[in-house]
Amino acid sequence: MDVFSILSGEHRVIGQVLACLEKIVAGVQAGGNFDAPSVREVLEFFRHYADHAHHAREEDVLFARIEAKAGFSRAQGPTASLRAEHVQARSHVQAIRMVLEADKPRPNDMARFIEHAKALASGKRQHMQKEEQQLFPALAEKLTPSELQELARAFEHVQQTDRGAGTSARYVAMANALSGRYGVPHVQAPHVAHQPQHVPMPPPREPRSRW
């Protein structure tokens, strides 16, 4: 599988979890309980799968290769805006985390959660669409076959050394458990090097709330 198919496949899994987050938001807006345990799983997924794995492959491998090939710095060109959008996503995740980690409920907590959850979902979808419709096709034409093979090897190195075998599979299982809980269709996860053939999914449970 080529690097762009891997990244696009990861986008599908991220989109699956975003859809779950939007369902949680809709439930809160409809007057239901705030499902804090599921939101914690969403944040864990974004920290490890979306940021530490997916963003690492983009920023440390793909973007770095583009910058070196084109001769511009990380602060200039198309990769600068994409890196900035990753930073913005992290800020929304952190804002949601602050709601969860508050010692006790505060009057505007749910408003903050809704604001940042919606911004995270909207921003990530626009970001992923930009990459798939503009960046990936342009790079597929400009990079040579040997460069693409080198990128694929670098992707595998990131997976093996920084995350460990089975890590991506574990978070795909988490995404599927969330989807089962909130009625969101599963997507086909991208192939990951050394991914175990069978990964147990967390058992279903009823949402709990401390709010």
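Predicted model: local features only at pLDDT ≥ 70, side-chain atom pairs only at ≥ 80, totals over all residues.

Glutamate 22 counts as partly exposed, because its relative accessibility of 35% lies between the cut-offs of 20% and 50%. Glutamate 22 forms a salt bridge with arginine 125, and the closest N and O atoms of this pair are 2.7 Å apart. The two residues belong to distant parts of the chain, with glutamate 22 in helix 1 (residues 3–29) and arginine 125 in helix 4, 103 residues apart. Arginine 125 is also partly exposed, at a relative accessible area of 33%.

**Salt bridges around aspartate 109**
- Aspartate 109 is buried, because its relative accessible area of 0% is under 20%.
- Arginine 106 forms a salt bridge with aspartate 109, the closest N and O atoms being 2.9 Å apart, and arginine 106 itself is partly exposed, with a relative accessible area of 37%.
- Aspartate 109 also forms a salt bridge with arginine 112, where the closest N and O atoms are 3.1 Å apart; both residues lie in helix 4, 3 residues apart, which is about one turn of the helix.
- Arginine 112 counts as partly exposed, at 34% relative accessibility.

**Salt bridges in the whole structure**
- A search of the whole structure finds 14 salt bridges.
- A network of salt bridges links Asp51, Glu59, Glu67, Arg83 and Arg90.

**The largest pocket**
- The largest pocket has a volume of about 260 Å³, and among the 15 residues that line this pocket, the closest to its centre are Ile66, Pro78, Leu135, Leu139 and Lys142.
- Helix 4 gives the largest share of the lining, 7 residues.
- By class, the lining of the largest pocket has 9 nonpolar, 2 polar and 4 charged residues.

Conventions:
Residues numbered from 1 in each chain as written. Heavy atoms only, no water. 1 Å grid on protein atoms, 1.4 Å probe; cavity = no way out; pocket = protein on both sides within 12 Å on 5 of 7 lines; lining within 4 Å. Points joined across faces, edges and corners; volume = space filled by probe spheres on them. Helix = DSSP H or I, 4+ residues; strand = E, 2+ residues; numbered from the N terminus. Nonpolar A, V, L, I, M, F, W, Y, C, P; charged D, E, K, R; others polar. Salt bridge = Lys/Arg side-chain N within 4 Å of Asp/Glu carboxyl O. Buried < 20%, exposed > 50% of the residue type's maximum accessible area, 1.4 Å probe, protein only.
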